[in-house]
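Thank you all for making the time this morning.

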Amino acid sequence: MEKLTIKTPSDVLSFIGHTLGFWPQESLVCITMKDNSIGATLRIDLPHQTGQELSYARTVAHYLTSATTATSILFAVYTSETTQPGQGRPQACTIAALTGVLAEQGITIRDGLFVGDATFSPYDGDPGTSVALPVSSTETSAINAEFIYRGSFVEPTSQITLPPAGHESAKAAAIESYMDSIRTQPTEAALKHGRQLWSDMLRSTDFPSDEDCQALVANLQFPAIRDRLIADIPGMDEPMQQILFAQTKEPPKWSRIEWAQQLLLHAYTRTSPEHAAPVLTAIGYINWWEGKGSKAHQFLQLALDTDPAYRLARLSDQMVGSGLVARWNMNKNTAYKALPFDMP
């Protein structure tokens with residue numbers, strides 16, 4: 001795919017929005033770089049208490065240095081907090097601590113942006129004298145236009161809105177009927193049939209029928225089948241455990257993973273709340289693979305809302321909450337990325 005060049009601050013903010021899929025709020029976003037090539041993008045909530053700047057900086061640096069080839073970073077502070085002329089920028093102590101911690105790792109800060117509700121400006125500029133640009137200017141940036149042309153869009157927040165689902169009792173009965181059929185089959189036969197159904201869906205370019213969606217949801221109710229179907233998503237001939245924990249050296253098929261997410265969301269609209277937890281958990285897993293920890297957490301919480309005792313969702317949410325990053329995202333050759341970019 002042809003590389004694109006990020007030339008302006010508006011391009012940087014457009015890149016961040018499309019890479020994350022939403023416009024950050026009260027966040028620090030860092031982009032790793034090697035020479036002029038962009039690497040990983042990290043978003044993390046801003047610290048809310050004073051005195052935590054150093055520990056916060058060390059946590060951020062730990063994530064950033066997982067991309068071992070990074071030599072510099074770009075950062076953007078998104079906050080509604082304002083300052084008066086002559087005062088320092090919000091989170092100045094945090095950025096100072098991060099600068100020092102990264103310097104110990106041989107990583108420099110290339111540039112920074114301060115992004116408010118309506119305008120943005122260079123982070124190290126005086127709030128009273130620096131030229132501020134309207135946030136709306138990102139909508140006309142070249143990078144934004146290219147992303148939109150390729151089908152991407154930016155949500156106003158990271159809050160997930162699930163598609164509506166109806167006729168719950170009828171769908172629940174249909175799924176239970178499929179589950180009864182699966183129970184009558186020998187384990188290996190049931191697993192084979194479930195994998196074939198899922199494989200056919202992943203190879204197709206059309207959304208499946210309601211009946212096939214309900215059969216898929218029924219298969220996901222059985223942990224042994226569910227884990228195998230999740231591991232089948234990246235399209236890799238590797239041990240299941242290594243795939244589930246994103247520990248393969250071979251890159252996954254990201255386009256197939258994206259399609260799997262669309263299929264699972266489609267299947268969700270054909271299921272009922274009592275059967276939705278495995279579907280939402282699988283979607284959460286996909287978002288964790290892609291490095292979207294905030295969205296992964298939300299999907300896993302939605303799964304727990306439907307079934308508070310659903311063990312895989314609870315364990316997966318604990319994994320995400322501990323800060324564990326999918327190993328695929330620690331290597332530029334395997335990490336999820338929407339488009340290749342360079343800086344001038």
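What follows is a short tour of some aromatic pairs and then of one arginine.

Please keep in mind that this is a predicted model. When the whole structure is searched, 9 aromatic pairs turn up. Take Trp-23 and Tyr-78, whose rings sit edge-to-face, with 5.6 Å from centre to centre and 85° between the planes. These two come from distant parts of the chain, since Trp-23 is in the loop between α1 (9–20) and β2 (27–34), while Tyr-78 belongs to strand β4 (residues 72–78), 55 residues apart. Both Trp-23 and Tyr-78 are buried.

Another pair is formed by Phe-207 and Trp-259, and here the arrangement is tilted, at 5.2 Å centre to centre and 45° between the planes. Because Phe-207 is in the loop between α6 (187–203) and α7 (210–220), and Trp-259 is in helix α10 (residues 254–268), this pair ties together parts that are 52 residues apart in sequence. Phe-207 is partly exposed, at a relative accessible area of 45%, whereas Trp-259, at 18%, is buried.

There is also a cluster, in which ring pairs link Trp-254, Tyr-285, Trp-288, Trp-289, Trp-328 and Tyr-336.

Now to the arginine: where is Arg-226, and what does its side chain contact? Arg-226 is found in helix α8 (residues 223–232), and it is buried, with a relative accessible area of 8%. Its side chain makes a polar contact of 2.8 Å with the side chain of Tyr-310. Leaving aside residues up to four places away in sequence, Arg-226 touches Asn-219, Leu-220, Tyr-310 and Leu-312.

Methods:
Residues numbered from 1 in each chain as written. Predicted model: local features only at pLDDT ≥ 70, side-chain atom pairs only at ≥ 80, totals over all residues. Heavy atoms only, no water. Phe/Tyr/Trp six-rings, centres within 6.5 Å; stacked < 30°, edge-to-face > 60°. Helix = DSSP H or I, 4+ residues; strand = E, 2+ residues; numbered from the N terminus. Buried < 20%, exposed > 50% of the residue type's maximum accessible area, 1.4 Å probe, protein only. Polar contact = N/O pair within 3.5 Å; in protein donor to acceptor, adjacent residues only side chain to side chain. Contact = heavy atoms within 4.5 Å.
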